[in-house]
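Here is a short briefing to read beside the model. Keep the sequence and the 3D view open while you go through the points.

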2 protein chains.
Amino acid sequence: MRKPHKELKAEILAEAGRLVDGEGARALSARRLAAAAGCSVGTLYNLFEHLDGVVRGLNRETMLRLAETLASADPGDAAPRTDRLEALGRAYLAYGLAHPARWELLFRYRLETPPEAVPGELSALLSLLRRVAGPEPSDEALIALWAAVHGIVELAVARRLPNAAEGAEGRMIALVIEAGIRGIAEAG
Amino acid sequence: MRKPHKELKAEILAEAGRLVDGEGARALSARRLAAAAGCSVGTLYNLFEHLDGVVRGLNRETMLRLAETLASADPGDAAPRTDRLEALGRAYLAYGLAHPARWELLFRYRLETPPEAVPGELSALLSLLRRVAGPEPSDEALIALWAAVHGIVELAVARRLPNAAEGAEGRMIALVIEAGIRGIAEAG
DNA sequence: TTCGATTTTGAACGGCGTTCAAATATTGAA
DNA sequence: TTCAATATTTGAACGCCGTTCAAAATCGAA
């Protein structure tokens, strides 16, 4: 009964972030996190119900930062739409490669995905995409474009992209976005 | 010193497959597997070095089955290239949705990816893709196409594809493949 | 049959997520 | 100020995990 819960919760999340960034997603455990945050495991469970709650909190933060990073990589309204989307795609890739542990936590590791729920944090990303792509592509097409680029990035971050020559991922993203945009323009 | 190691190894892998298919990727543990296979954990470690070895063996098998499934979904030389690739893409999606636990093991769960190595099992899949796509697209373009479709499937299997209307994934795959093929034809 | 080599075993180590009764700290009324 | 009542924290405990290893069991050859 020391600190307000809001504050302690934020502190714990910050500590969790440091743990993940510094030692990888697998270093995040209840005991280690409690030790780092200076409280007991029990307290941790009072504030978060499950450890997945911590991960969700961390992921929300990560997704927000990612969306901000993408937004600031957007060359702006003056640039052609394809260039803008390509810039977003490359920034998406760069973020994943720069923060592989966070990325892993976000998309691969320890996701107990209650099978109904899509992470609501995606909305920031998707609305940015919508803003840049304009009103014309359908939601489905927009999501398809995101998912296609996401596939390249996910495989690149997981180091499962074979035959990766210098800068190959960037060119792949450009190809997919250019072709995708053209395809959307022509087919709806 | 009872059974030949080859045989016991195969038996263990079969049991591991049953475990994963029946109870999900998380049910695969050394103790449970040993119990199911009727040996001790120690024996398991004599044959596989680490549990990841079991996973690798399982994944090789999964990848082989997947490649076979795709091959048998190919409408054949007579069909237009785009149709053939679309059929492969849809079969890829169907396989993932039909075997989510195997898919999870293959691409998400418990991959201790030694950061150099790309899973060699991909080669069967990629050479099939090459055979269908013809000699013209570069390796990079071919891999980009696979990765883009993979992104859609991975998100669909993980249930992280928002706003998924009936059959949306299939249409997304069609869109990406058609646009991608056109893009490759035009741009190299 | 004996003996060296191989294989199997199961207990043990440290760590995991999670729970919970007991201890502690805080509050508000008397 | 005192003292229940309440809220919070604690750390031991449960059953699981991957992995190791000395001892036991089993084998093939002599």
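In which helix of chain A is the place of A:L97? A:L97 sits in helix α5, which covers residues 81-98 of chain A. This is a predicted model.

**Chain A**

- Chain A has 9 helices and 0 strands.
- Read from the N terminus, its elements run α-α-α-α-α-α-α-α-α.
- Along the principal axes, the C-alpha atoms of chain A fill a box of roughly 60 × 35 × 30 Å.
- Chain A has 188 residues, and 38% of them are buried.
- Take the contacts in chain A between residues at least 6 apart in sequence: 68% of these join residues at least 24 apart.

**How the two chains pair**

- Contact between the chains involves 36 residues of chain B and 37 residues of chain A.
- On the side of chain B that touches chain A, α8 (139-157) and α9 (168-187) of chain B each supply at least two residues.
- The largest share of that side, 12 residues, comes from α8(B).
- By class, the side of chain B that touches chain A has 21 nonpolar, 6 polar and 9 charged residues.
- Of the interface residues of chain B, 100% are also interface residues in chain A, so the copies meet through the same surface.

**The nonpolar core**

- In soluble globular proteins, nonpolar side chains tend to be buried together.
- Here the largest nonpolar core has 108 residues.
- Which residues have the most contacts inside this core? They are A:I152, A:V176, B:I152 and B:V176.
- A:V176 touches residues of both chains. Leaving out residues up to four places away in sequence, its partners in chain A are A:A148, A:V149 and A:I152. Its partners in chain B are B:A144, B:A148 and B:G180.

**A:L97 and its partners**

- A:L97 touches A:A156 and A:V157, not counting residues up to four places away in sequence.
- A:L97 and A:V157 are 60 residues apart in sequence. In space, their C-alpha atoms are 5.5 Å apart.
- A buried residue would need 20 or more.

- A:E49 is not a glycine, yet its phi is positive, about 65°.
- Where does A:E49 lie? A:E49 is in the loop between α3 (41-48) and α4 (51-73) of chain A.
- A:E49 has 10 other C-beta atoms within 10 Å, so it is exposed. The cut-off for an exposed residue is 12 or fewer.
- B:R159 also has a positive phi, near 60°, in a residue other than glycine.
- B:R159 lies in the loop between α8 and α9 of chain B.
- With 16 other C-beta atoms within 10 Å, B:R159 is partly exposed.
- The two helices that flank this loop, α8 and α9 of chain B, each supply at least two residues of the side that touches chain A.

How values were computed
Residues are numbered from 1 along each chain as its sequence is written. Chains are lettered from A and ligands numbered from 1 in the order in which they are written. This is a predicted model: local features need pLDDT of at least 70, side-chain atom pairs count only at pLDDT 80 or more; totals for chains, interfaces and linings use all residues. A nonpolar core is a set of buried Ala, Val, Leu, Ile, Met, Phe, Trp, Tyr and Cys residues joined through C-beta atoms within 7 Å. Two residues are in contact if their C-beta atoms, placed from the backbone, lie within 7 Å. Helices (H or I, at least four residues) and strands (E, at least two) are DSSP runs, numbered from the N terminus. Ala, Val, Leu, Ile, Met, Phe, Trp, Tyr, Cys and Pro count as nonpolar, Asp, Glu, Lys and Arg as charged, and the others, Gly among them, as polar.
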